[in-house]
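Good morning, and thank you for coming. Please take a moment with the sequence and the model before we go through them together.

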Amino acid sequence: MSPLLRSTARRLLVVVGLALAYFFAARLLISLSPTPSGPVTTVWLPSGIAVAALVLYGPWAAIGSFAASLAVALNMGSPLQLAVAVSLGNGCGELLCYWLVAASRKGDFSVDGVSDGPRLAAGALACGVVSATASVSMYVQYGFVPAQAYVANWLVWMGSGVSSIVLVSPLLVQLVRSRGRLLPWSRLPEYAAALCVLIAGAFLWQGPVLERGVNEPVLLLLILGQIWIAFRFSPAAVTLSNCVIAVFAVAGLVARLGEAQPASAYPFILSLQVLLTGLALIGLGLAAIVARLRASALALQEAQHALVASARDAGRAEIATNVLHNVGNVLNSVNVSAQVVVARLQNSKVQGLARAMQMMDAHRDDLPAFLTQDAKGRLLPAYLDQATKALASERDELVGELRLLERNVDHIKDVVKTQQSYAGVTTVLAPVQLREVVEDALRLAAGALEQAEVTVVREFDDVPVAALDKARIVQILVNLIRNAKHAMAHTPGARRLTLRIGCRDDKLFVTVADEGEGIPAENLTRIFAHGFTTRKDGHGFGLHGAVLAATEMGGTLTAHSDGPGRGATFTLQLPADVAVAA
Amino acid sequence: MTANRRVLVVDDMPAIHEDFRKILRPPQASPLADLEAFLFDAAPPEPPAGFEVESAFQGQEGLDKVVQARDAQRPFALAFVDMRMPPGWNGVETIERLWQADPRLQVVICTAYSDQSLDEVMERLDGKGRIRVLRKPMDAQEIYALAGTLARQWDEGRSA
C-alpha cells in the first residue's frame with residue numbers, strides 16, 4: 001500500500017472514529033441530561049473529544065465532528081438549516097480553540113507549562129462563545145428556546161463547552177500520547193488514594209446547593225485532593241483527576257436533581273461548570289509550577305556536578321602549567337650541560353695522551369735516543385706536560401659543568417616536591433551513580449576499544465547512589481580498560497571486555513574482565529609495583545598509580561587470573577557510604 | 001665575503017643565554033692542535049666554526065641591538081626569540097618589529113608552551129621562509145645545525 005493511500009486510509013479512519021465517538025457521547029449525555037428537553041448538559045463531552053482529536057491529528061478531522069454534530073441535531077428532530085447552523089457553529093468554535101492552543105504554538109499542545117492552563121482556558125472560552133452564540137441564537141430563532149431564556153441558555157451552553165474542553169481534551173491528548181501511562185506504576189497506590197478522596201468529595205458535594213450556600217467543608221476535600229496530586233504528580237496526572245472529579249460531581253448532581261424543573265436547574269449547572277473548570281485550571285497550573293521547580297532543581301544539580309568537574313580540571317591544569325613553566329626552562333640547561341660534558345669528553349686530551357704513550361711504546365728499545373734525537377721525540381716531553389695541564393683544566397671544566405647540572409636537578413626536585421604537596425589531596429566526593437561512572441570511563445576509552453575491535457559486555461546490578469570520588473574512579477577504570485585492551489591485542493577471535501557492577505557486604509565493586517593473555521601466578525602482586533611492565537612500550541606506572549588511587553579512596557584493587565592465556569579480572573572495591581540521598 | 005656568523009638571543013631568563021653560548025660559541029683553539037698534528041701525523045682537524053652570540057633580555061633591547069648592528073654594517077644573520085618575555089613585548093610582537101628594522105633577519109621562535117596556538121602565530125607572522133619553530137627543552141645539536149642552516153640561508157639571501 002503506497003504511503004499516500006495509507007495516510008488517506010488513516011485519515012478516513014480518524015474522521016470516522018471521531019464522528020462515531022462524538023455521536024455516541026452526545027447521545028449518552030442527552031439521555032442522562034437533567035433537563036429532558038434540548039441538548040443542554042453540564043459538560044458537553046463531544047466538544048472535548050473533538051478538540052482533542054484536532055490537536056492529535058490535525059484540523060481536517062473537524063469534518064468528522066461536523067458530520068456527527070449534524071447527525072445528532074437531525075436525530076433530535078431539528079430542521080436541516082438549524083442542524084447545519086449549530087454544527088457549523090460548533091465546528092468553527094472547535095477549530096478556533098485548536099488554533100489558539102496548538103496551531104499558534106506551531107502545533108504542540110501541552111499542559112506542562114505554566115502558561116498552558118490560561119491558554120487552554122482562553123481557547124475553551126473562544127470555542128464556547130462562538131458555539132453558544134451560533135447555536136442559542138438559532139434555537140431562539142426557530143422557537144425551540146424562548147427569547148427571555150436566551151442569556152441563561154447561552155451561559156450554560158458556553159459553560160458546557162468550556163468545561164468539556166478544559167476537563168476532557170487534556171486527558172484524551174495525554175492518554176493517546178503516553179499510550180495510557182499517565183504516571184509511574186510504582187506510585188499508583190498513592191494516586192488511587194488521592195482519587196478516592198476526590199471521588200468521595202465530589203460525590204458528597206453533589207454539586208452546589210444554592211439555597212444554603214456552597215458546601216464548603218466538602219469543597220475543601222476537593223481542593224486539598226487537587227493540591228496533593230498537583231504537588232506529587234505531573235500535570236498529565238492532573239488531567240485524569242480533573243475528569244474524575246467532573247464525572248462524580250455531575251453524577252452526584254444528576255442523582256440529586258433528578259426530577260427538578262428545567263428552569264431551576266440552570267444555576268446549579270452553571271456554578272458546577274464554573275467550579276469544575278476552576279478546580280481543573282488550578283490543578284493544572286499548580287502541577288506545572290511544581291514541575292518547573294523540579295526541573296530547575298535538577299538542572300542546578302547537574303550544573304554543580306559540572307562545576308566540580310571543571311574545577312578539578314582547572315586545578316590539575318594549573319599544576320601542570322606550573323610544573324611546565326618551572327621545570328621546562330631548567331630542563332634546557334640540564335640538557336645542554338649534559339651534552340657539553342659528552343662533547344668535551346669525546347674530544348678529551350686523554351686520547352692524545354694515549355697516542356703519545358703508543359709512540360713511546362713503539363720506541364721502547366731506544367727510548368732515550370728517541371726522546372733526545374728524533375724530531376718528534378724531542379717534542380714529546382713538552383707535549384706530555386702541556387697535555388697533562390690541559391687535562392687538569394678539562395677536569396675543572398667538567399666538574400663545574402656537572403655541579404651546575406646537579407643544581408638544576410635539585411631545582412627540578414624542589415618544584416616537583418612542591419607540586420606534590422598540592423596534588424593528590426583533592427578528593428571530591430559527590431553523590432554518584434556508579435553505572436554512570438563506568439559509562440563515562442567507557443566513553444573515554446571508546447575510540448581505543450573500537451580500533452582494537454573489542455566488544456563490551458555490561459552486567460550491571462542495580463546499585464544505590466553513593467558518595468564517591470568520580471574522577472579517580474574514572475581514572476582507574478580507564479587504566480584497567482586500556483590494559484585489558486592491550487592484553488587482548490593478540491587474541492584471535494572474539495575480544496570481549498566484561499564490566500560488572502554490584503554491591504556485596506555493603507561494598508560497591510566494579511570488575512573489569514578480559515579474555516586476553518592472562519597473568520602468571522607469580523606476577524599477580526608484582527603487576528602493581530612501580531615500573532613493572534610486560535609491554536615493550538609500557539612504562540609501568542598505570543597499575544601502580546591505579547592501586548594508589550584506590551587506596552587513597554579507602555578501597556582496594558585486586559587482580560585475578562587463571563593463568564597465562566586464560567584472561568584476567570581486576571576488581572575495584574569501594575567503601576560505600578551507601579544510600580546517600582541524591 | 002666572509003660568512004655572517006652573528007647571532008642574537010632574545011630571552012628574559014639569563015640561564016638560557018648561558019645555554020646558547022655553550023652551544024654556539026666557537027671552541028677555544030687548542031694550542032696543542034698543531035703539535036698533535038705534527039706528532040701523530042694527523043691532519044689538523046677543522047675546528048667547527050662557532051658563532052658570535054649577543055644577548056638581549058627584552059624585546060625592546062633586542063630591537064635596539066638589531067638596529068645598531070644594521071647601522072654599523074654588521075647585521076645579525078639570525079635571532080633566537082623566546083615566546084614569553086614579561087613585562088615587555090612577547091615573542092610575536094618582538095619579531096614583527098625586528099623584521100621591520102631588518103627584513104633579512106632569520107628568526108627562530110622558542111616556545112615551551114604558548115597561549116596563542118602555533119598556527120595562529122605562524123599565520124600572523126607570515127614568515128616567507130624566514131622563521132622556524134623550536135620547542136623547549138632544546139637539543140644542543142639541533143640548535144647548532146639550525147643556526148648553521150639559517151646563517152647559510154642569510155648568506156644566500158644576500159648574494160641573491
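**The interface of chain A and chain B**

Between them, chain A and chain B bury about 2,200 Å², and 62% of that is on carbon and sulfur atoms. Buried area here is the accessible area (1.4 Å probe) that two parts lose on being put together, summed over both. Asn332(A), Lys376(A) and Tyr383(A) supply 25% of the area that chain A buries against chain B, more than any other three residues.

A word on the basis of these values: this is a predicted model, in which local features need pLDDT of at least 70, side-chain atom pairs count only at pLDDT 80 or more, and totals for chains, interfaces and linings use all residues. Residues are numbered from 1 along each chain as its sequence is written, chains are lettered from A and ligands numbered from 1 in the order in which they are written, and side-chain values use heavy atoms, with hydrogens and water left out.

How many salt bridges does the rule find across the interface of chain A and chain B? The rule finds one; a salt bridge is a side-chain nitrogen of Lys or Arg within 4 Å of a carboxyl oxygen of Asp or Glu. Lys22(B) and Glu401(A) meet through their side chains in a salt bridge, at 2.5 Å from N to O.

Among the contacts in chain A with a separation of 6 or more, 75% are between residues 24 or more positions apart. The chain exposes about 29,800 Å², of which carbon and sulfur atoms supply 63%; accessible areas come from the Shrake-Rupley method with a 1.4 Å probe, and for residues only the protein chains shown count as cover.

Some individual helices deserve attention. Thr239(A) sits in helix H9 (residues 235-257) of chain A and is buried, with a relative accessible area of 1%. Leaving aside residues up to four places away in sequence, Thr239(A) touches Val111(A), Leu167(A), Pro170(A), Leu171(A), Gln174(A) and Leu284(A). By contrast, Phe231(A), in helix H8 (residues 216-232) of chain A, is partly exposed at 44% relative accessible area.

In helix H15 (residues 470-487) of chain A, 18 residues at 1.5 Å a residue should span 26 Å, and the end C-alpha atoms are 26 Å apart, which agrees. The expected span is 1.5 Å times one less than the number of residues. Several residues of H15(A) are buried, including Ile473(A), Leu477(A) and Ala484(A).

Finally, the loops. Glu453(A) lies between helix H14 (434-451) and strand E2 (455-460) of chain A. Although not a glycine, Glu453(A) has a positive phi of about 55 degrees, and it counts as exposed at 63% relative accessibility. In chain B, Gln73(B) lies in the loop between helix H3 (59-71) and strand E3 (78-82). Gln73(B), also a residue other than glycine, has a positive phi near 60 degrees and is exposed, with a relative accessible area of 68%.

Conventions. Helices (H or I, at least four residues) and strands (E, at least two) are DSSP runs, numbered from the N terminus. Buried means under 20% relative accessible area, exposed over 50%, partly exposed in between (1.4 Å probe, protein chains only). Contact means heavy atoms within 4.5 Å.
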